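Here is a friendly tour for anyone meeting this protein for the first time. Please take a look at the sequence and the structure below, then read on.

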Amino acid sequence: MLRTWKLTLEVDPSSPVPLFVQLARAVIRDIERGRLSPGDALPGTRALAASLGIHRNTVDAAYRELVQQGWACAEPSRGTFISQALPVATPKGFGGSLRQRMPARPGFSLPREELSAEWVSPVPKGVLVFNDGAPDVRLAPAVALSRAFRRVLTGRARTALGVGDARGEPGLREALAGMLSRTRGLAAGADDVLVTRGSQMALFLVARALLRPGDVVAVEALGYRPAWDALRLAGARLVGLPVDAQGMRVDALQALMAKRPVRAVYVTPHHQYPTTVTLTAARRMELLRLATEARMAVVEDDYDHEFHYEGRPVLPLASSDRAGCVVYVGSLSKLIAPGLRLGYVVAPAPLVRALSALRTVVDRQGDAPLERALVELLEEGELQRHARRARREYHARRDVLAESLHEELGGSVDFEVPAGGLALWARVDEALDVSAWAERAASHGVHVTPGHAFALEGRGPAAFRLGFASLTPQELREGVRRLALARSRRR
């Protein structure tokens, strides 16, 4: 593989150390630090000599020394390779024993940040995962997307491969503004939209633009930890507000505002994360009133608006905002696939300009080929058709999960079937240890996330958030069966 790239090594012709020894030592150092791995091909003697400006015989002598000492092996008609025996037999001469690829600890101090490492922990293969509400990548419109990519990349005007707008592709911003205007009641134009690499980047940028160290931000006491991390990294002091069957307690926010200034509130009003409840109309009106009077920002995370199965969809807070207080964050990743990072912010144009200026510091622009491909899918109606297909499938999967939970765990969990979203909030009998149950479930090949992962403070509720969209009906039934097998005994 290395032969497809030029290998850069350093030698010093002015050094008293012979050049072939310097070259051999340079290769050994790169093996020790992991730059060269067992089985890697070394460059041909002629090519390496030309690149270093030395005689080919010098390179040949260095390679012979490496072979003699056990660092390399020569294969007739193929070339010279780093020895495959290195992990089990330490070679002699020129250097010490092999080390790890990188030092286990940095050679400098790191600031201590309380971030959510568990959110990026990998899950072993073969485990059925009830995730937090991710879509099924097997349903993604891969063929249509690949065709759109090909048209973008092979067309006469390949401007998508050049430097673009930090706010995102103009065509996509225009298309998103039109979609949000028609389906969610937002009076937004292209200049009010910033495209980001997923909603998490959107939240990070919004936090940086809005907040200064020490600002108080009210959040739902049960909520989305990565968003809290973004707010904390901007210096925010988070205060949790209770969540009940009607969503976030706005009266608790009002009481907090009477005690201290609140710079912003972060809320998931459509399908509250993680409980899935919807913020009632009365509380929505009161929240907007408080925000308008106090000039407080409302960061509305509408992470899975597309998926509503019963009744009339609830319009976002931003659709009723007349004072410019709501910063609306959404995502297309839930609709298509998590690996396609595409989110957006809708806000008054001055904030969008501030966000785009911040964005250039960490990410000069978005993924222009992807963004233009999505414009094509939107213009052709393919994304809209995919949304309808996915909505029907996820509706059916929600019902399968609810039915399986009633059959297998009816006496141990209680829940309301959500009218929308991609997950279900299952409350666990208080007599059961939910964390121990989750640990036992892992040994039975099923992964569930207990309530403490969603709590701002304290132990959190005895509950599971069970994402159903990414599992087939058969997988859902099997996952619930395994969860029932792992059910813990009474305390």
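R427 is partly exposed, with a relative accessible area of 29%. In this predicted model, the side chain of R427 meets that of D414 in a salt bridge, with 3.0 Å from N to O. R427 belongs to strand β14 (residues 423–428), while D414 belongs to strand β13 (residues 413–414), and the two are 13 residues apart. What about the partner's surroundings? D414 has 44% relative accessibility, so D414 counts as partly exposed too.

The structure holds 27 salt bridges.

Which residue does R197 pair with in a salt bridge? The partner is D363, and the closest N and O atoms of this pair are 2.7 Å apart. R197 is partly exposed at a relative accessible area of 34%, whereas D363 counts as buried because its relative accessibility is 14%, below the 20% cut-off. D363 also forms a salt bridge with R359, where the closest N and O atoms are 3.1 Å apart. Both D363 and R359 are buried.

Elsewhere, a network of salt bridges links D136, R138, E393, R397 and E475. Looking at the whole protein, there are 66 positive and 53 negative side chains, and the centres of these two sets lie 4 Å apart.

## The overall picture

Stepping back, the protein has 14 helices and 17 strands. Its C-alpha atoms fill a box of roughly 85 × 60 × 50 Å along the principal axes. Of its 491 residues, 50% count as buried.

In soluble globular proteins, nonpolar side chains tend to be buried together. In this model, the largest nonpolar core has 85 residues, and those with the most contacts inside it are F130, L287, Y344, L374, L401 and W437. Which helix gives the most to this core? That is α12 (residues 382–409), with nine residues. Apart from this core lies another, of 29 residues, including L194, W228, A264 and V345.

Leaving aside neighbours within four places in sequence, L374 is in contact with L145, L172, L332, I336 and L342. One of these, L172, is found in helix α5 (residues 170–184). L172 counts as buried because its relative accessibility is 0%. With neighbours within four places again set aside, L172 touches V195, L342, E371, L374, V375 and L378. The C-alpha atoms of L172 and E376 are separated by 9.1 Å, although these residues are 204 positions apart along the chain.

## A buried threonine

T449 lies in strand β16 (residues 449–450). Is T449 buried or exposed? T449 is buried, because its relative accessible area is 19%, and buried means under 20%. Beyond its neighbours within four places in sequence, T449 is in contact with F130, F454, A463, F464 and R465.

## Backbone details to look for

Most residues other than glycine have a negative phi, and most peptide bonds are trans. With that in mind, a few places in this model are worth a look.

Where is a cis peptide bond found? One joins Y273 and P274, with omega about 15°. P274 is found in the loop between β9 (264–267) and α9 (281–294). T276 is also found in the loop between β9 and α9, and has a positive phi of about 75° although T276 is not a glycine. T276 is buried, with a relative accessible area of 13%.

S77 likewise has a positive phi, near 65°, and is a residue other than glycine. S77 has its place in the loop between β1 (72–75) and β2 (79–82). At 84% relative accessibility, S77 counts as exposed.

How values were computed: Residues numbered from 1 in each chain as written. Predicted model: local features only at pLDDT ≥ 70, side-chain atom pairs only at ≥ 80, totals over all residues. Heavy atoms only, no water. Core = buried A, V, L, I, M, F, W, Y, C linked by side-chain atoms within 4.5 Å. Buried < 20%, exposed > 50% of the residue type's maximum accessible area, 1.4 Å probe, protein only. Helix = DSSP H or I, 4+ residues; strand = E, 2+ residues; numbered from the N terminus. Contact = heavy atoms within 4.5 Å. Lys, Arg positive; Asp, Glu negative; His and termini not counted. Charge placed at Lys NZ, Arg CZ, Asp CG, Glu CD. Salt bridge = Lys/Arg side-chain N within 4 Å of Asp/Glu carboxyl O.
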